[in-house]
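Here is a protein chain to look at.

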Amino acid sequence: MNNYETVFILTPVLSDAQMKEAVEKFKSLLTDQGAEIVNEEDWGLRKLAYPIDKKTTGFYNFLEFNADPSVIEKLEVNFRRDERVIRFLTVKQDKFALEYAQKRRNHKGGKRHEAHAAGETAKTVRKEKAEAVEAEVELKEKED
């Protein structure tokens, strides 16, 4: 089994439910063929680099999976037949891409996650300082 990742763009005229239904269709197609889905990301509605079929936006979806090469052909035939799919690209991962993908999955959020952790640390420090000041005020009030 090889490691693959595929990105496909769905037409922006779909409702949220229709978009999720289309993604589930492709996921179930993969699992029915014996593929193991490793990672799934919904990148949401994004602007296209250039208009496709007079559309300037599309719903981006990313799937990372392990499968036999024969599964890819069936998946891409279904992408071509489905009118909801504007574009798609499936790539076989080499060992370096696989290593990078694992790091990306483990550190999902990246800088945002680090910033959130730093913000939590700052909140804790401020809270401790506030508690110390309150304790000092209480001591002074007792002395007076």
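Q: What makes the four strands an open sheet, and in which order do they stand?
A: The order is 2-3-1-4, with antiparallel pairing. Strands here are DSSP runs of E of at least two residues, helices are runs of H or I of at least four, and both are numbered from the N terminus. Two strands count as paired if DSSP finds at least two bridges between them. Strand 2 and strand 4 (85–92) each have a single partner strand, so one side of each has no neighbour in the sheet. Neighbouring strands are turned by 20° against each other on average, direction ignored.

Q: What kind of model is this, and how are its residues and atoms treated?
A: This is a predicted model, in which local features need pLDDT of at least 70 and side-chain atom pairs count only at pLDDT 80 or more, while totals for chains, interfaces and linings use all residues. Residues are numbered from 1 along each chain as its sequence is written, and side-chain values use heavy atoms, with hydrogens and water left out.

Q: How do you know that strand 1 and strand 4 pair?
A: Strand 1 (residues 2–10) and strand 4 share seven bridges in the antiparallel sense, and the definition asks for at least two, so they count as paired. In one of these positions, Ile9 has Arg87 of strand 4 as its bridge partner.

Q: What does helix 2 touch when it packs on the sheet?
A: Helix 2 (residues 69–81) touches strand 1, strand 3 (55–67) and strand 4. Contact means heavy atoms within 4.5 Å. The direction of helix 2 makes about 170° with that of strand 4; axes are lines fitted to C-alpha atoms, for helices over the stretch in contact, and angles run from 0 to 180 degrees between N-to-C directions.

Q: Why is Asn39 called buried?
A: Buried means under 20% relative accessible area, exposed over 50%, and partly exposed in between (1.4 Å probe, protein chains only). Asn39 has 7%, so Asn39 is buried. This residue is found in strand 2.

Q: What makes the pair Asn39 and Glu41 a polar contact?
A: A polar contact is a pair of N or O atoms within 3.5 Å; within protein, one must be able to donate a hydrogen and the other to accept it, and residues adjacent in sequence count only if both atoms are side-chain atoms. The side chains of Asn39 and Glu41 make such a contact at 3.0 Å.

Q: What makes a group of residues a nonpolar core, and how many residues has the largest?
A: A nonpolar core is a set of buried Ala, Val, Leu, Ile, Met, Phe, Trp, Tyr and Cys residues joined through side-chain atoms within 4.5 Å. The largest has 20 residues, and Phe8, Leu10, Leu30, Phe65 and Leu75 have the most contacts inside it. Strand 1, helix 1 (16–32), strand 3 and helix 2 each give two or more residues. Helix 1 gives the most, with six. Apart from this core lies another of five residues, including Leu48 and Ile86.

Q: How many of the 144 residues count as buried?
A: The share of buried residues in the protein chain is 31%.
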